[in-house]
Amino acid sequence: MKFPKEFLWGGATAANQCEGAWNEDGKGASIQDYMPHGIMQGPSEVIDEHNLKLKGIDLYHHYKEDIALFAEMGFKVYRMSIAWSRIFPNGDDEKPNEKGLEFYDNVFDECKKYGIEPLVTLSHYETPYHLAKKYDGWRSRDLIGFYEKYVRTVFTRYKGKVHYWITFNEINSIWHFPLMGAGILTPKNSLSAQDLYQAAHHELVASALATKIGHEIDPENKIGCMVLGLTSYPRTCDPDDVIATMEESKRGYFFTDIHMRGYYPSYTLKMMEKEGVVLNATDEDLEILKNTCDFLSFSYYMSKCIASNPEQYEKGKGNLTTGVKNPYLQESQWGWQIDPKGLRYLLNTYYDRYQKPLFIVENGLGAKDTLLMEEKDGYWVEDDYRIQYMNDHLAQVSKAMNDDGVEVMGYTSWGCIDLISASTAEMKKRYGFIYVDRNNDGTGSFKRYKKKSFYWYKKVIETNGQIIS
């Protein structure tokens, strides 16, 4: 298996799932602090002390230790996010929180010490709670201005320290979970199509504006969009299933097309017309959208099947979006169908469509890991299932590059260190190469332990993917 010499190997985390210190050093509350049960349930009225995300894995106080472990694996890049409410506690504050800015200065300096490039997500499912409560999140056009002030602040502060940026995490998640994706407190079943499309438009304008600002402040910046990547197959060769799959795919392309092409394609206008949506988009908005991204990044965990009559089939399980079950695929302990070849297919689809570099910024296997009673060969968790999962996906990445000619910038495995699950807000669903001693009931020492996959991934990076089979 061949990977280019400049391929960016690394791992990924999100501030709200790992940092903890939810109210330390001037940080304000985010929507995640009011979501103790993950995305599957609505927000709570008050902050629940049993919310594991309030402490996370305490990366806020362990970042030096954790970055040293990433460096030991050989990371070239570390995808992380800035907690917006750590910089502007309420989101609409006049001045930023200096303590929050200093924290990320320290994190970036620690990365630089080991030659690790930060890949920074500006907004990763953690809209400041005040903006959700007062403005109903991205339903309000006011958030464009608040986001602009935030990104100007961090682009200026970290000029020269950060060269790779992502505007929003899985921006297409607004279709499925508007609270997490857009900080909208109004329940989804009370939102109209007009509400959702308008909120999506505000985020798209803000994303393009951030791209423009980031390039102006530092022309060396590389700025990308990021979507939930999901390969969709027709359940059968019935033309109705094929057409249903085409229609489903358009909802995913809605965001990538606008980010990468700089305008609303004709099919998006038809989608809105069919749903009775009259978009409030100014001439200035449309001009801002022309600021296209330098690369397209995405998460990939599974594929799904689409049928025109889905009630006739068993429903599949998934994170943000599901289809019908694929009878040819195995599944994880959480029922997510495992499809490495679907990653190759998706890489080809995106590259054929845009001819711009792609970046796989989330991919991994959530599983119930068992900590060994005694250390074995330097590791404490024997996670061969994770090694197999990642080996098989990386093999398909290599095929996409070498057999198909796809340009892939890099790969950051999701949850390179165990963290709190976004979907279920639990600890037992682990993704990392590093085991963190924390349990679902909140107990634990926060001690870090290396898994078998730690040494496997270290060898992958050392050999630039040559051990992938």
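Modeller: Let us begin with S398, which lies in helix α13, spanning residues 384-402. Please keep in mind that this is a predicted model.

Biologist: Is S398 buried or exposed?

Modeller: Buried means under 20% relative accessible area. S398 has a relative accessibility of 2%, and therefore counts as buried.

Biologist: Which residues does S398 touch, leaving aside those up to four places away in sequence?

Modeller: S398 touches M1, K2, F3 and D403. With K2 there is also a specific approach: the side chain of S398 reaches the backbone nitrogen of K2 at 3.2 Å. By way of contrast, G91 is 307 residues from S398 in sequence, and their C-alpha atoms are 42 Å apart.

Biologist: How should I read the salt bridges, and how many are there?

Modeller: Side chains of opposite charge can pair when their charged atoms come close. In this model the count comes to 34 salt bridges. One of them joins R139 to D195, with the closest N and O atoms 3.3 Å apart. This pair links distant parts of the chain, 56 residues apart: R139 is in the loop between α5 (129-135) and α6 (142-157), whereas D195 is in helix α8 (residues 193-217). R139 is partly exposed, at a relative accessible area of 33%, while D195 counts as buried at 19%.

Biologist: Where do D404 and R344 lie, given that they form a salt bridge?

Modeller: The closest N and O atoms of D404 and R344 are 2.8 Å apart. D404 lies in the loop between α13 and β10 (408-414) and R344 in helix α12 (residues 340-354), so the pair ties together parts 60 residues apart in sequence. D404 counts as partly exposed, with 30% relative accessibility, and R344 is likewise partly exposed, with 25%.

Biologist: You mentioned helix α12. What should I look for in a helix?

Modeller: One may compare its span with the expected value. Helix α12 has 15 residues and reaches 22 Å from its first C-alpha to its last, close to the 21 Å expected at 1.5 Å a residue. Just after α12, Q355 takes a positive phi of about 55 degrees.

Biologist: How are the strands to be read?

Modeller: Strands of a sheet pair through backbone hydrogen bonds, either parallel or antiparallel. Here a closed barrel of 8 strands runs β1-β2-β3-β4-β5-β6-β9-β10, with parallel pairing. Neighbouring strands of this sheet are turned against each other by 30 degrees on average, direction ignored.

Biologist: How many bridges join β5 to β6?

Modeller: Strand β5 (residues 222-234) and strand β6 (residues 295-306) run parallel and are joined by 10 bridges. Within this pairing, T231 stands opposite S303 in β6.

Biologist: Which strands does helix α9 lie across?

Modeller: Helix α9 (residues 239-261) lies across β4 (164-168), β5 and β6, and runs at about 180 degrees to β5.

Notes:
Residues are numbered from 1 along each chain as its sequence is written. This is a predicted model: local features need pLDDT of at least 70, side-chain atom pairs count only at pLDDT 80 or more; totals for chains, interfaces and linings use all residues. Side-chain values use heavy atoms; hydrogens and water are left out. Helices (H or I, at least four residues) and strands (E, at least two) are DSSP runs, numbered from the N terminus. Buried means under 20% relative accessible area, exposed over 50%, partly exposed in between (1.4 Å probe, protein chains only). Contact means heavy atoms within 4.5 Å. A polar contact is a pair of N or O atoms within 3.5 Å; within protein, one must be able to donate a hydrogen and the other to accept it, and residues adjacent in sequence count only if both atoms are side-chain atoms. A salt bridge is a side-chain nitrogen of Lys or Arg within 4 Å of a carboxyl oxygen of Asp or Glu. Two strands pair if DSSP finds at least two bridges between them. Axes are lines fitted to C-alpha atoms, for helices over the stretch in contact, and angles run from 0 to 180 degrees between N-to-C directions. The expected span of a helix is 1.5 Å times one less than its number of residues.
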